[in-house]
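The following exercises are to be worked with the sequence and the coordinates at hand. Each task is followed by a stepwise solution.

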Protein chains: 2
Amino acid sequence: MPVSREVHLIERPKAMPTLDQFQIVETNVPDAADGEVLVQNLYMSVDPAMRPRLTAGQDLGVAMMGGALGRVVQSKNGDYAVGDLVSNRLGFREYFTSDGKGLTKLTPDPDLSLTTHMHAMGMTGFTAYGGLLHIGALKEGEQVFVSTAGGAVGSIAAQIAKIKNCYVVGSTGTAEKAAWLKDEVGLDAVINYKDAPIRTQLEAATPKGIDVYFDNVGGDHLEAALRRMNTLGRIPVCGFISGYNSGHSNVSNLSNIIYSRVMLRGFVGTDFMHMYADFQRDMAGWLKSGQVKYQETVLDGIDNAPAALIGLLNGLNAGKMLVKLAD
Amino acid sequence: MPVSREVHLIERPKAMPTLDQFQIVETNVPDAADGEVLVQNLYMSVDPAMRPRLTAGQDLGVAMMGGALGRVVQSKNGDYAVGDLVSNRLGFREYFTSDGKGLTKLTPDPDLSLTTHMHAMGMTGFTAYGGLLHIGALKEGEQVFVSTAGGAVGSIAAQIAKIKNCYVVGSTGTAEKAAWLKDEVGLDAVINYKDAPIRTQLEAATPKGIDVYFDNVGGDHLEAALRRMNTLGRIPVCGFISGYNSGHSNVSNLSNIIYSRVMLRGFVGTDFMHMYADFQRDMAGWLKSGQVKYQETVLDGIDNAPAALIGLLNGLNAGKMLVKLAD
């Protein structure tokens, strides 16, 4: 019966969350009963989409939820052996028991690092892949803009667009991430939105307009992009980070979608599961050939999970934000 | 050589247009030269989409443009005979010469009134048909909301949704139009947005949410609808009347498109021309069977064209706003 630490939300944030709104709680997790496994989480994922749930959806005083990668440490379930790796949605805790529902056995690619399965090879990468190719219906050689291009999803979306021979502009909020996108990833133009208004920078960076805007931000980024959309342009809307803390995501020029006959569509990865096998094959190849690069920011220990989430919402991460819970 | 009166824009409106921003100008139109026809317009169309062009696009001091139905009164072009009816884009004038480009010969349905070809049987009806069935991908039995349901496009969209066995809510701005929609058209619920906030009325009228919102308005209507959209809902965006005079079309809750994975798409009728033959067959049948009803507001004489446009933007029309230019 291991002692497990878990993260509780104890007060709803009204704006940017603060550390005192979370609590680390020790709990005793029972051993695996018949038909169950006991799982020890190794890594947990921290994602922007967790922010809205803090405002509504996440109960107070119970363990939070999120993507995680764990290892079976006890098994009384014939489908799982001790040592099996399992993807799960029970992050923000060190141990849990399960009857197997909601677990997905992971056979890691020996030529890739284990953690890539938590971002580029996982739902993070799949969100970028399907969002761009299915929702955005990206065609070879189009004009593409990706916001939060230094983030986990944005960086993959931007690189897939480059692989499809597109002209790709990325926006990010630090000089380090801008340099990585320009020098390592090779985007055609990179905007640091803290240097000057996004509107003027985007206009200068998109002389041929925008066919596909992969939106993670909403707000001023979306407004700037709407001014630049080409006829029949597509805007897959993956996130609205700009509004997660303020509660607002205003744009004043949504009417441009009529004049340019533009589509906006919100989506989640499960909207295009039929593409998952293609995604896994393509992405494994791109990672191994170096056509897709990634960055990770890994904090150590569950005590740092709240700080990881707050840091992510402040853009302190390079690439995927993870918390390592065990070896 | 007939004398033709035409409507010029002489000053750009900053908000709601006023009569003194237009001028009626007399001009001499030459007789038809070799290869040409001389056309006398019988009716001209007045549409909400004309408003944005007054702000940008329409040159000052020249005849305005718009849909019209004319009759050939002189012909030196073998493709046209005197008496032929021609749809054209040269409204806001009584006569014009043409080499035939941009004219579409019209063979009116003898069982329908001539003017239906300027609304239900024309681009107005086709915009409703394709916007709802193609862009909105309407399915039988869905939950539908149509704004400006008393208008030319909205009234057709609402009735097509009823024909597809949907639950249909319409919004409008006068008691007369509300009564027509409820009693004559038979919508399931009708909202007069001037009676109470659209948000609370729409919530009460859509107990099962909204699958398709046919948007002619933007602004507060779109914001209210975004709160009610069901998962994987669609919003064909036909117009943003709320913003045409103010220049703004703000919504504060666009992030709802992520949570409910909603699609918004701006469109024009030419986006689905492949459906035109189906549309003509279906709509002629629905009009003749009485399944689709319509209203018209017809002002008389080109002198009234500016007043017709201003009246339309103030919602004074019932159904299609037309100006009759000649018998």
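**Exercise 1: a helix and its surroundings**

H2(B) is followed by B:Ala137, whose phi is positive, near 45 degrees. Helices (H or I, at least four residues) and strands (E, at least two) are DSSP runs, numbered from the N terminus. The model is predicted: local features need pLDDT of at least 70, side-chain atom pairs count only at pLDDT 80 or more, and totals for chains, interfaces and linings use all residues. Residues are numbered from 1 along each chain as its sequence is written, chains are lettered from A and ligands numbered from 1 in the order in which they are written, and side-chain values use heavy atoms, without hydrogens and water.

Task: determine what helix H2 of chain B spans and how many of its residues are buried.

Solution. Step 1: the expected span is 1.5 Å times one less than the number of residues. For 13 residues, a straight helix would give 18 Å, whereas H2 (residues 123-135) of chain B spans only 15 Å between its end C-alpha atoms.

**Exercise 2: a loop residue**

Task: decide whether B:Lys101 is buried or exposed.

Solution. Step 1: B:Lys101 lies in the loop between strand E6 (95-98) and strand E7 (104-106) of chain B. Step 2: its relative accessible area is 70%, so B:Lys101 is exposed (over 50%).

Definitions and conventions
Buried means under 20% relative accessible area, exposed over 50%, partly exposed in between (1.4 Å probe, protein chains only).
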